[in-house]
Amino acid sequence: KGISSSNKVERKSDILETPIVLEGEVVKGFGRGSKEIGCPTANFSQDIVENKLPATLDAGIYLGWAKLDGESDRVEKAVVSIGWNPFYKNTKKSVETHILKMYDTDFYGRWMKLKICGYIRPELNFDGLDALITAIQEDVEHAKQQLDQSKFLEMKEDECF
């Protein structure tokens with residue numbers, strides 16, 4: 001059973017003991033993020049998901065910092081969904097990064113560096129698209145506020161970027 005918008009989703013801001021740094025070319029995802037959900041994502045290839053992401057990392061929603069090459073090299077806030085997207089019944093694990101900044105173009109082919117710093121909530125299933133969209137919007141607001149705290153802000157100034 002999924003979660004409807006009336007269920008309260010508990011959000012945390014647990015710092016990861018060891019932040020996870022991933023980098024690679026942004027590839028085409030399922031094409032649902034911007035069109036269906038209004039939340040464009042930058043996706044890593046299956047190779048990076050299978051070979052660079054620690055297998056011990058739980059599926060869920062995370063927060064962190066992302067940088068797209070050629071984007072005046074600015075490090076931006078990000079919300080990251082890791083897992084199988086139960087609402088869409090995916091069979092392959094994915095890492096989908098929503099950068100909290102509006103872009104005029106898509107990012108396919110761009111190089112992205114991502115630092116996953118904190119855990120927000122587990123991956124959940126939802127009763128409908130509206131409940132999913134509401135949860136994503138709440139994840140984004142939560143991440144925006146958390147990333148302004150010094151414990152996360154200092155992680156932005158990393159040599160990995």
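**Exercise 1. Determine in which sense strands S3 and S6 pair in this predicted model, and over how many bridges.**

Solution. Begin with the two segments, S3 at residues 60-68 and S6 at residues 111-122. In the predicted model, these strands run antiparallel to each other and are joined over nine bridges.

**Exercise 2. Explain why strand S3 can be called largely enclosed by the rest of the structure.**

Solution. First sort the residues by the way they point: Gly60, Tyr62, Gly64, Ala66 and Leu68 point one way, whereas Ile61, Leu63, Trp65 and Lys67 point the other way. Then apply the criterion for burial, which is under 20% relative accessible area. Every residue in both sets is buried, Lys67 included. Because nine of the nine residues of S3 are buried, the strand is largely enclosed by the rest of the structure.

**Exercise 3. Identify which residues touch the most other members of the largest nonpolar core, and which element gives the largest share.**

Solution. The core has 24 residues, and those that touch the most other members are Leu22, Tyr62, Ile82, Val95, Met112, Leu114 and Ile116. Next list the elements that give two or more residues to this core, namely strand S1 (14-25), helix H2 (46-51), S3, S4, strand S5 (94-99) and S6. Of these, S6 provides the largest share, with four residues. Finally, take Ile82 and set aside its neighbours within four places in sequence: its contacts then include Tyr62, Val95 and Ile116, together with Leu53, Leu57 and Glu123.

**Exercise 4. Compare the span of helix H3 with the expected value, and list its buried residues.**

Solution. H3 covers residues 129-147, and its 19 residues reach 27 Å from the first C-alpha to the last, close to the 27 Å expected at 1.5 Å a residue. Its buried residues are Ala131, Leu132, Ile133, Ala135, Ile136, Asp139, Val140, His142, Ala143, Gln146 and Leu147. To read that list, recall that an α-helix has 3.6 residues a turn, so residues three or four places apart point the same way.

**Exercise 5. Locate Thr41 and describe what it is in contact with.**

Solution. Thr41 lies in the loop that runs between helix H1 (33-37) and strand S2 (42-43). Its side chain makes a polar contact with the side chain of Asn43, at 3.4 Å. Leaving aside neighbours within four places in sequence, Thr41 is in contact with Glu96, Thr97, His98 and Phe107.

Note on methods
Residues numbered from 1 in each chain as written. Predicted model: local features only at pLDDT ≥ 70, side-chain atom pairs only at ≥ 80, totals over all residues. Heavy atoms only, no water. Buried < 20%, exposed > 50% of the residue type's maximum accessible area, 1.4 Å probe, protein only. Pairing = 2+ DSSP bridges. Expected span 1.5 Å × (residues − 1). Core = buried A, V, L, I, M, F, W, Y, C linked by side-chain atoms within 4.5 Å. Contact = heavy atoms within 4.5 Å. Polar contact = N/O pair within 3.5 Å; in protein donor to acceptor, adjacent residues only side chain to side chain.
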